[in-house]
Amino acid sequence: MRKRKIYIILLVLLALGTAFFFKSDLENIFLLSKNKLADFKNNALGKIAKNIEQKVSTPPPLKHDSSTTFGNLTKLGTISQTNIQRKDNGVVPLAENEKLDQSALLKAQDMLKGQYFAHISPSGQGPSELAGKVQYEFIAIGENLAMGSFSSDQDLVDAWMASPGHRENILNKSFTEIGVAVAKGTFEGKTTWMAVQEFGVPAAVCPKVDESLKAHIGSNQKQIDALLQTLTSRKNGLASRNASKDPSYSSQISSYNSMVSQYNSLVETTKKMIGDYNGQVNALNACVKNYQ
């Protein structure tokens with residue numbers, strides 16, 4: 001009888017020891033998962049990744065009221081005269097871009113049609129919106145406008161060069177591309193020229209950011225939040241159970257700890273993805289600064 005009592009006591013102590021072991025294991029692993037989560041939050045995507053602000057340079061439109069002969073203006077001549085000015089001032093010539101030509105033509109036609117002379121149309125569209133219409137992706141863009149009677153392409157460009165803001169656009173070292181449109185039409189009852197220069201720094205000059213990676217990170221973040229809710233619920237449920245009377249307690253601890261490992265693995269993977277994404281954003285930001 002005495003040996004039986006001793007045997008029973010040993011079994012009870014063993015059960016209590018096992019329960020204590022699993023509870024300690026549960027607490028330690030859960031604390032580890034919480035620490036990883038806090039670290040993950042401190043490296044949140046929004047901390048570094050910021051939207052790039054596109055620079056737009058729009059000096060006040062130039063009205064050219066002169067007594068010169070009403071001559072002929074051309075797109076290619078205006079581009080040529082612009083590049084002559086850049087060469088004379090030690091600046092690299094601009095490359096003609098078809099999309100910027102289209103954007104400039106849309107602007108010239110819209111001003112004649114809408115009878116306005118401004119960078120922003122009555123409908124609220126400016127250089128950025130026009131660039132979007134022709135699918136020109138840019139880091140920086142500039143727009144020069146002129147209206148009046150001009151004797152030649154050189155006369156037009158000389159008028160812009162005499163205006164500080166327009167001159168700055170023409171000689172801007174950051175701009176690499178240009179589009180031009182010249183259109184003759186009627187404005188407020190008078191025949192006139194509408195001239196538009198569109199300058200640009202294409203987005204292609206800087207490294208791209210992988211937006212699909214950002215979407216993947218967002219998906220992982222949702223999974224991490226869902227896993228944490230499940231883990232918290234399971235932990236609370238396990239804490240309220242009597243380990244010595246629940247034969248499934250051990251297997252449920254194992255299942256819980258397996259989910260903790262899954263959680264921690266997803267956190268580590270996502271943290272690496274965030275690091276990669278933010279590295280891309282930083283590289284883009286550094287490149288953009290060279291052109292703005």
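This is a predicted model: local features need pLDDT of at least 70, side-chain atom pairs count only at pLDDT 80 or more; totals for chains, interfaces and linings use all residues.

Q: Why is N97 called buried?
A: The relative accessibility of N97 is 15%, and buried means under 20%, so N97 counts as buried. As for its place in the chain, N97 sits in the loop between β3 (95-96) and α3 (98-114).

Q: What makes the pairing of the N97 side chain with the backbone nitrogen of L100 a polar contact?
A: A polar atom of the N97 side chain lies 3.0 Å from the backbone nitrogen of L100, and the cut-off for a polar contact is within 3.5 Å. Leaving aside residues up to four places away in sequence, N97 also touches Y136, E177, I178 and G179.

Q: How do you know that A195 is buried rather than exposed?
A: A195 has a relative accessible area of 0%. Buried means under 20%, so A195 is buried. This residue is placed in strand β6, and A195 touches N144, L145, A146, L156, W160, A181 and V182, not counting residues up to four places away in sequence.

Q: What makes C206 and C287 a disulfide?
A: Their sulfur atoms are 1.9 Å apart, and the cut-off is within 2.5 Å. By this rule the count comes to 1 disulfide. C206 lies in the loop between β6 (190-202) and α7 (211-239), while C287 is in helix α8 (residues 249-289), so the pair ties together parts that are 81 residues apart in sequence. Both C206 and C287 are buried.

Q: How do you know whether α7 and α8 are roughly parallel or roughly antiparallel?
A: Look at the angle: α7 and α8 pack at about 155°, with their axes 9 Å apart. Angles over 145 degrees count as roughly antiparallel, and α7 and α8 are therefore roughly antiparallel to each other. The crossing has a hand too, since α7 passes α8 in a left-handed crossing.

Definitions and conventions. Residues are numbered from 1 along each chain as its sequence is written. Side-chain values use heavy atoms; hydrogens and water are left out. Helices (H or I, at least four residues) and strands (E, at least two) are DSSP runs, numbered from the N terminus. Buried means under 20% relative accessible area, exposed over 50%, partly exposed in between (1.4 Å probe, protein chains only). A polar contact is a pair of N or O atoms within 3.5 Å; within protein, one must be able to donate a hydrogen and the other to accept it, and residues adjacent in sequence count only if both atoms are side-chain atoms. Contact means heavy atoms within 4.5 Å. Axes are lines fitted to C-alpha atoms, for helices over the stretch in contact, and angles run from 0 to 180 degrees between N-to-C directions. Angles under 35 degrees count as roughly parallel, over 145 as roughly antiparallel, 65 to 115 as roughly perpendicular and the rest as oblique.
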